[in-house]
Amino acid sequence: MNEFYESEMYSKVIDIASNLYTNQYCSPSFLMQFGHSLTKVEDYDKCNYILRHGTEMSASPSFWKYLGDNIYIARCVLS
């Protein structure tokens with residue numbers, strides 16, 4: 001999944017992550033890449049769910065930053 005994420009192939013990342021979610025839902029790096037990819041394809045609601053879950057799995061402030069960015073972008077795009 002990392003190679004697709006680094007190559008900015010976000011749709012492919014989402015396909016893979018959707019299948020791996022039940023096994024990887026406790027992995028902060030997995031959740032971060034999954035959430036960021038969802039933002040890139042404008043699936044803001046699902047991204048919010050994944051990033052909020054990430055805040056429960058990790059103390060990293062990056063989850064809160066990306067969550068805030070995602071909410072801001074969604075409001076700008078949807079309004």
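Where is the place of Y72? Y72 sits in helix α5, which covers residues 61–78 (helices are DSSP runs of H or I with at least four residues, numbered from the N terminus). The model is predicted, so local features need pLDDT of at least 70 and side-chain atom pairs count only at pLDDT 80 or more, while totals for chains, interfaces and linings use all residues. Residues are numbered from 1 along each chain as its sequence is written, and side-chain values use heavy atoms, with hydrogens and water left out.

With a relative accessible area of 57%, Y72 counts as exposed (exposed is over 50%, buried under 20%, and partly exposed in between, with a 1.4 Å probe and protein chains only). Y72 also belongs to a nonpolar surface patch with I73, V77 and L78. Together these residues have about 430 Å² of accessible area.

Turning to the inside, the largest nonpolar core holds 17 residues (a core joins buried Ala, Val, Leu, Ile, Met, Phe, Trp, Tyr and Cys through side-chain atoms within 4.5 Å). At least two residues of this core come from each of α2 (10–24), α3 (28–40), α4 (44–57) and α5. L38 is among the core residues with the most contacts inside it. Beyond its neighbours within four places in sequence, L38 meets I14, D43, K46, C47 and I50 (contact means heavy atoms within 4.5 Å).

Helix α3 is also the place of H36. H36 is buried because its relative accessibility is 18%. Residues up to four places away in sequence aside, H36 touches Y5, Y10 and Y66.

Definitions and conventions: Patch = residues over 30% accessible without salt bridge, like charges linked within 9 Å, V, L, I, M, F, W, Y side chains within 5 Å. Areas by Shrake-Rupley, 256 points an atom, 1.4 Å probe, with all protein chains shown as cover. Salt bridge = Lys/Arg side-chain N within 4 Å of Asp/Glu carboxyl O.
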